[in-house]
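This briefing concerns the structure shown below.

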Amino acid sequence: MKKRVMLSIRGSQAYRDQEPETIELVTEGQMEFVDGGWNLTYEESDLTGLAGVTTTFRVEPEKVTLQRAGKLRSTMEFQVGKSHDSLYQMEFGALMITVTTKYLFFDILPEGGCIDLLYEIEIEKTEGGTIEYHLDIRAID
């Protein structure tokens with residue numbers, strides 16, 4: 001059964017030779033328990049630069065998967081100490097990215113919870129930087 005949730009998302013990106021950038025977003029989404037894990041889904045906005053994209057965090061006992069669909073398509077898997085390759089498909093082309101999870105914590109209950117994620121990213125085998133997410137989830141139904 002899907003539940004309406006309020007998501008508070010803070011994302012920080014620190015790329016080499018650039019000033020770190022932080023984006024904060026509060027948006028409504030949906031939360032559903034399916035096949036032993038939680039799906040948290042929301043629509044991106046102009047604020048994130050990803051309008052027209054649906055983002056889903058799939059939280060399972062051993063990993064978190066970030067899937068994007070729409071104008072941008074990608075699937076990234078996060079497990080501490082492991083690397084995962086993914087095709088990052090955009091309207092104008094595709095890039096191969098590799099994510100290496102440095103920190104992952106989650107605590108999800110039917111009433112809500114949180115996800116903390118820190119990972120390094122390589123783009124086409126070139127060091128990209130560090131990305132950090134913090135999600136607070138609160139059921140509103």
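Does lysine 125 count as buried or exposed? At 67% relative accessibility, lysine 125 counts as exposed, because that value is over the 50% cut-off. The model discussed here is a predicted one, and the points below are grouped by topic.

**The loop between S9 and S10**

- Lysine 125 belongs to the loop between S9 and S10, and glutamate 124 is found in that loop as well.
- The phi of lysine 125 is near 65°, a positive value in a residue other than glycine.
- Glutamate 124, which is not a glycine either, has a positive phi of about 55°.
- Most residues other than glycine have a negative phi.
- Glutamate 124 has a relative accessible area of 43% and is therefore partly exposed, since this value falls between the limits of 20% and 50%.

**Threonine 101**

- Threonine 101 has its place in strand S8.
- With a relative accessible area of 1%, threonine 101 is buried, because the value is under 20%.
- A polar atom of the threonine 101 side chain lies 3.2 Å from the backbone nitrogen of glutamine 79.
- Leaving aside neighbours within four places in sequence, the residues in contact with threonine 101 include Glu77, Phe78, Gln79, Val80, Gly81 and Lys82.
- Leu117, Leu118 and Tyr119 are also among the contacts of threonine 101.

- Strand S4 (residues 53-60) and strand S5 (residues 63-70) run antiparallel and are joined by eight bridges.
- Two residues separate S4 from S5 in the hairpin that they form.
- Across this pair, threonine 56 stands opposite glutamine 67 in S5.
- S5 also pairs in the antiparallel sense with strand S6 (residues 74-78), over five bridges.
- The hairpin formed by S5 and S6 has three residues between the strands.
- Valine 64 has phenylalanine 78 in S6 as its bridge partner.

**The largest pocket**

- The largest pocket holds about 550 Å³ of space.
- Its lining consists of 25 residues, and those nearest the centre are Gln13, Leu50, Arg68, Tyr88 and Tyr133.
- Two or more lining residues come from each of strand S1 (3-15), strand S2 (21-34), strand S7 (83-90), strand S8 (93-109), strand S9 (112-123) and strand S10 (126-139).
- S1 gives the most to this lining, with five residues.
- By residue class, the lining of the largest pocket has 16 nonpolar, six polar and three charged residues.

How values were computed
Residues are numbered from 1 along each chain as its sequence is written. This is a predicted model: local features need pLDDT of at least 70, side-chain atom pairs count only at pLDDT 80 or more; totals for chains, interfaces and linings use all residues. Side-chain values use heavy atoms; hydrogens and water are left out. On a 1 Å grid over the protein atoms alone, a cavity is a set of points where a 1.4 Å probe fits but cannot get out, and a pocket is an open set with protein on both sides within 12 Å along at least five of seven lines; lining residues have an atom within 4 Å of a point. Grid points are joined across faces, edges and corners, and a volume is the space filled by probe spheres set on the points. Helices (H or I, at least four residues) and strands (E, at least two) are DSSP runs, numbered from the N terminus. Ala, Val, Leu, Ile, Met, Phe, Trp, Tyr, Cys and Pro count as nonpolar, Asp, Glu, Lys and Arg as charged, and the others, Gly among them, as polar. Two strands pair if DSSP finds at least two bridges between them. Buried means under 20% relative accessible area, exposed over 50%, partly exposed in between (1.4 Å probe, protein chains only). A polar contact is a pair of N or O atoms within 3.5 Å; within protein, one must be able to donate a hydrogen and the other to accept it, and residues adjacent in sequence count only if both atoms are side-chain atoms. Contact means heavy atoms within 4.5 Å.
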